[in-house]
Amino acid sequence: MAFAYVNLIVTNPESLATYREKAGDALARHSGKVVAAAPSQTVLEGDAETGLGVILEFATTDNAKAWIADPDLADVHALRKGAGNSTITLLG
């Protein structure tokens, strides 16, 4: 298993709504799924700007890397990027 953490500071809710309609199929294409999501986060230590927090699960780290690099998903990733400032971190 491989996990990725997404932090999205939403600035365009309309783009986020459209992204959400397509995100599940885009993840599934690379064995990914959402395992947890929260509209807000609480920083326990340190300083970080937070927004929407999501934990993604993939079968392997290669699947996660293929998901983010898939040219057929460029339009889906563009919706996420258009929704605000996102950071995606692969754990492991």
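In which strand does Leu 91 lie? Leu 91 belongs to strand S4, which covers residues 84-91. The close-up views below look at this residue and a few others in a predicted model.

View A. Leu 91 has a relative accessible area of 45%, so it counts as partly exposed.

**View B. Asn 7, a buried residue in strand S1.** Now let us turn to another strand. Strand S1 runs over residues 2-10, and Asn 7 has its place there. The relative accessible area of Asn 7 is 10%, and because buried means under 20%, Asn 7 is buried. A polar atom of the Asn 7 side chain lies 3.0 Å from the backbone oxygen of Glu 49.

**View C. The surroundings of Asn 7.** This view stays with Asn 7 and leaves aside its neighbours within four places in sequence. Asn 7 is in contact with Gln 41, and also with Glu 49, Thr 50, Gly 51 and Leu 52. Asn 85, Ser 86 and Thr 87 are in contact with Asn 7 too.

**View D. Phe 58 and Trp 67, an aromatic pair.** The count of aromatic pairs comes to one. That pair is formed by Phe 58 and Trp 67, with 5.5 Å centre to centre. The angle between the planes is 40°, and the pair is tilted. Phe 58 and Trp 67 are both buried.

Definitions and conventions: Residues are numbered from 1 along each chain as its sequence is written. This is a predicted model: local features need pLDDT of at least 70, side-chain atom pairs count only at pLDDT 80 or more; totals for chains, interfaces and linings use all residues. Side-chain values use heavy atoms; hydrogens and water are left out. Helices (H or I, at least four residues) and strands (E, at least two) are DSSP runs, numbered from the N terminus. Buried means under 20% relative accessible area, exposed over 50%, partly exposed in between (1.4 Å probe, protein chains only). A polar contact is a pair of N or O atoms within 3.5 Å; within protein, one must be able to donate a hydrogen and the other to accept it, and residues adjacent in sequence count only if both atoms are side-chain atoms. Contact means heavy atoms within 4.5 Å. Rings of Phe, Tyr and Trp (its six-membered ring) pair if their centres lie within 6.5 Å; planes under 30 degrees apart count as stacked, over 60 as edge-to-face and the rest as tilted.
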